[in-house]
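Visitor: Please take a close look at one chain of this model and at how it meets its neighbours. I would like the contacting surfaces described one after the other.

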Amino acid sequence: MVGLSQKDVLRADQFSREEIALIAKTARRYEEAVARGKVLRDLRGKILCTLFFEPSTRTRLSFEAAMLRLGGQVVSVAEPKSSSAAKGESLHDTIRTVEGYADVIVLRHPEIGAADKAARSTNRPVINAGDGAGQHPTQSLLDVYTIQKEKGKVDGLTVALVGDLKNGRTVHSLSQVLSLFDVRLILVSPPALRMPREIVEALKGRRVVEETPDLLKAVREADVVYMTRIQRERFADPTEYERLKDSYILTQEALREGKGRVTVMHPLPRVNEIETSVDQDSGAAYFRQAANGIPVRMALLALVTGAI
Amino acid sequence: MVGLSQKDVLRADQFSREEIALIAKTARRYEEAVARGKVLRDLRGKILCTLFFEPSTRTRLSFEAAMLRLGGQVVSVAEPKSSSAAKGESLHDTIRTVEGYADVIVLRHPEIGAADKAARSTNRPVINAGDGAGQHPTQSLLDVYTIQKEKGKVDGLTVALVGDLKNGRTVHSLSQVLSLFDVRLILVSPPALRMPREIVEALKGRRVVEETPDLLKAVREADVVYMTRIQRERFADPTEYERLKDSYILTQEALREGKGRVTVMHPLPRVNEIETSVDQDSGAAYFRQAANGIPVRMALLALVTGAI
Amino acid sequence: MVGLSQKDVLRADQFSREEIALIAKTARRYEEAVARGKVLRDLRGKILCTLFFEPSTRTRLSFEAAMLRLGGQVVSVAEPKSSSAAKGESLHDTIRTVEGYADVIVLRHPEIGAADKAARSTNRPVINAGDGAGQHPTQSLLDVYTIQKEKGKVDGLTVALVGDLKNGRTVHSLSQVLSLFDVRLILVSPPALRMPREIVEALKGRRVVEETPDLLKAVREADVVYMTRIQRERFADPTEYERLKDSYILTQEALREGKGRVTVMHPLPRVNEIETSVDQDSGAAYFRQAANGIPVRMALLALVTGAI
């Protein structure tokens with residue numbers, strides 16, 4: 001029997017396919033209920049604490065809206081400097097205090113491993129909303145949910161991950177989750193920003209994985225193109241950056257090279273990696289992807305609190 | 001048939017007299033219900049996002065309290081720096097993302113035209129809570145609502161607008177809305193801070209408008225005196241500021257020169273434009289005016305979301 | 001007939017034993033209801049405004065969670081700089097405006113007396129959540145509630161207050177409240193940081209009070225040890241600080257010197273005044289104490305708004 005009651009959500013690779021299916025099924029049900037204008041009460045009387053030691057408006061609002069849509073309530077620490085940590089309090093003590101105020105805790109923290117540490121400090125369910133360069137598991141879950149919705153399936157697809165694969169938390173986690181499915185991965189990055197070897201080796205043990213610096217080649221072969229930002233400051237050689245940056249801007253022209261309707265995704269915020277003209281394309285899924293964060297996080301909140 | 005369902009609230013001059021009457025009627029009904037302690041549920045299950053790219057505690061709290069009084073819920077971005085805009089995201093992308101989280105968006109932004117741009121980005125209703133030196137339409141609506149409540153009517157009144165009429169967004173919008181009514185306007189400002197010519201010309205096409213630097217003269221003739229702040233930094237000549245600043249402080253003595261009970265208004269916060277001794281005067285309406293923001297914003301939220 | 005309806009909560013010493021008993025009884029009832037998972041609606045339709053002119057995450061979240069647990073709603077100003085005070089508005093005007101938005105106001109302010117001033121400005125109940133070096137009455141109420149819960153009684157106990165007794169708002173207020181009970185107080189501080197003479201004199205008029213710099217001696221005699229932070233910057237002589245600071249770190253070894261189970265309390269956040277190994281001790285009550293803030297503040301909110 002699959003269940004997530006009282007469990008923490010800490011890493012993208014903690015989930016089995018069965019658990020991902022349960023989350024997706026629950027999310028779909030909530031999405032339809034909200035679309036019908038149904039007022040839900042599954043988390044009535046429950047309180048979520050969003051504890052953000054670094055700001056992330058998008059993620060915070062998405063969790064808060066998810067909690068409110070379920071009839072729950074929210075208390076929020078949106079700003080690091082107003083927290084007791086500024087007075088020298090340990091994360092352990094902060095969590096022990098917050099557990100007295102809330103039934104479930106969503107934590108964003110600049111340090112890798114902070115969510116694990118928080119989860120060890122409390123019996124309340126902790127959901128990791130990003131721990132530095134570490135994990136951001138709910139992003140990966142909504143990414144897979146989006147692929148499933150856009151394509152009707154995940155197995156059998158070719159997915160291109162594009163951008164700074166060396167430093168990108170999002171693509172590390174997503175590639176791990178996708179390796180649970182029968183997916184062919186194309187990793188598109190400049191040589192200097194390739195996916196870490198240990199992740200690639202682990203993936204190759206399970207799936208077909210190709211690496212290329214060529215975005216256009218990937219677009220031609222992929223069902224899903226997952227764009228991420230390339231940051232200038234990651235390049236040792238500025239001329240290398242200048243040479244490559246334009247290769248990693250997805251244009252309408254490039255998209256037309258794809259076979260059929262290519263689904264374009266992006267964790268947002270975008271700077272200029274996807275031309276705004278692409279927004280009109282029926283395959284441009286990134287704003288739908290952001291909206292999918294609500295039902296997926298509703299599902300997680302309801303499941304870990306044991307409400308359903 | 002007058003209606004505002006799914007409409008945006010962007011400019012003070014977008015409203016007809018019929019629409020203003022509908023808003024006022026709805027606001028009055030809500031005000032009475034709240035005063036009776038009735039728990040309203042008209043926006044149950046709905047979420048408002050207050051998106052403030054510059055801080056404005058008063059306006060934000062007023063919208064949030066209005067939404068909560070209607071049984072709705074709120075997610076909030078109160079601080080500009082914690083928003084994705086800091087990462088280089090366009091307003092269009094921010095709005096496209098936020099529309100996935102909320103049923104109605106209240107936007108405050110430092111740039112003129114930002115609310116119009118936001119409204120074009122989404123099908124969700126957008127309410128402009130101030131766009132730089134541009135518009136602040138809900139302030140004008142609550143101002144007119146206040147005049148109606150305090151005086152029992154708007155037509156036939158003489159209204160003096162006092163202060164920095166050149167730069168004051170509030171008085172620009174209010175004068176436009178008042179020109180829908182049979183109102184005589186007295187514009188009281190130093191010569192250097194007169195109302196822009198194009199606004200005055202447009203007003204004069206419809207109503208009797210006088211301009212004077214003399215506050216006392218205006219008080220003697222007006223039914224309503226609408227005070228605003230004069231800011232030192234607006235003056236090219238500091239001696240001119242020193243000479244004028246005291247003329248624009250409303251005292252009890254000046255108020256006694258008025259005919260009958262003069263209604264004194266102010267968009268707040270006040271610094272020293274109205275002596276605190278005036279607060280005791282039965283005509284001092286500025287705190288009642290601030291409180292009127294709740295029912296007026298309740299009416300707008302309920303109308304634009306189509307809840308009523 | 002004891003009652004708190006429409007009263008302000010401004011000072012720890014405003015309460016009679018009967019009022020403290022009423023608050024504790026109400027808090028106990030709420031605590032049990034929440035523990036049973038009951039969804040309360042006592043403050044349904046009511047709005048709390050948390051107005052924090054200086055940040056205090058812990059206190060703010062505790063009040064907000066209390067309000068939400070009662071079925072009420074919250075609007076919040078968590079950051080001083082986003083408030084209208086930054087534009088030069090007086091506290092009086094801010095409160096007069098906020099009273100239009102909320103049914104009860106919780107105020108945190110850096111200036112002594114700010115809460116009293118706020119209470120004079122409005123008919124809405126005002127709860128003081130800390131006014132500079134002044135009062136923090138709800139902390140004292142939850143402290144007494146905690147002692148009662150941990151020890152089953154307050155009368156007859158020996159309570160040691162430890163740390164910077166000169167500057168500590170928390171210990172000033174708590175000692176005043178405890179003087180309503182038959183309690184023996186041991187005041188433990190370095191000579192330079194002793195409790196102000198006027199407070200000690202007032203206490204001595206009613207209770208047995210001893211002063212000592214010796215923490216271990218106090219632990220041996222006390223039923224309750226209330227630790228607070230000692231701040232380096234309070235010492236004129238740094239060598240004095242270096243000499244004393246270790247005497248005021250509560251260790252497991254020291255705790256074992258106590259008679260029976262010593263209850264250890266701390267208003268939190270802790271820096272290093274209590275070794276983390278003490279957390280495992282059954283008498284370590286500080287996290288339970290923090291959690292007790294919820295039912296005690298629920299009781300206060302319900303009582304002052306007249307909801308019960």
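Guide: What follows describes the two contacting sides of chain B and then the relation between the copies. The model is predicted, and each side is described by its residues, its elements and its composition.

Take the side towards chain A. The contact between the two chains draws 20 residues from chain B and 19 residues from chain A. On chain B, the elements that supply two or more residues to this side are strand 1 (47–52), strand 2 (73–77) and helix 3 (91–98). By residue class, the side of chain B that touches chain A consists of six nonpolar, eight polar and six charged residues.

Now the side towards chain C. Here 19 residues of chain B are in contact with 20 residues of chain C. Two or more residues come from each of helix 2 (57–69) and helix 11 (286–304) of chain B. Helix 2 of chain B gives the most to this side, with seven residues. The residues of chain B that touch chain C divide into 13 nonpolar, two polar and four charged.

As for the relation between copies, chain B is superposed on chain C by a rotation of 120° with 0.0 Å of shift along its axis, at an RMSD of 0.0 Å. That is the relation of a three-fold axis. In the contact between chains B and C, only 5% of the interface residues of chain B are also interface residues in chain C, so the copies meet through different surfaces.

Terms used
Residues numbered from 1 in each chain as written. Chains lettered and ligands numbered in written order. Predicted model: local features only at pLDDT ≥ 70, side-chain atom pairs only at ≥ 80, totals over all residues. Contact = placed C-beta atoms within 7 Å. Helix = DSSP H or I, 4+ residues; strand = E, 2+ residues; numbered from the N terminus. Nonpolar A, V, L, I, M, F, W, Y, C, P; charged D, E, K, R; others polar. Least-squares fit on C-alpha atoms with pLDDT ≥ 70 in both.
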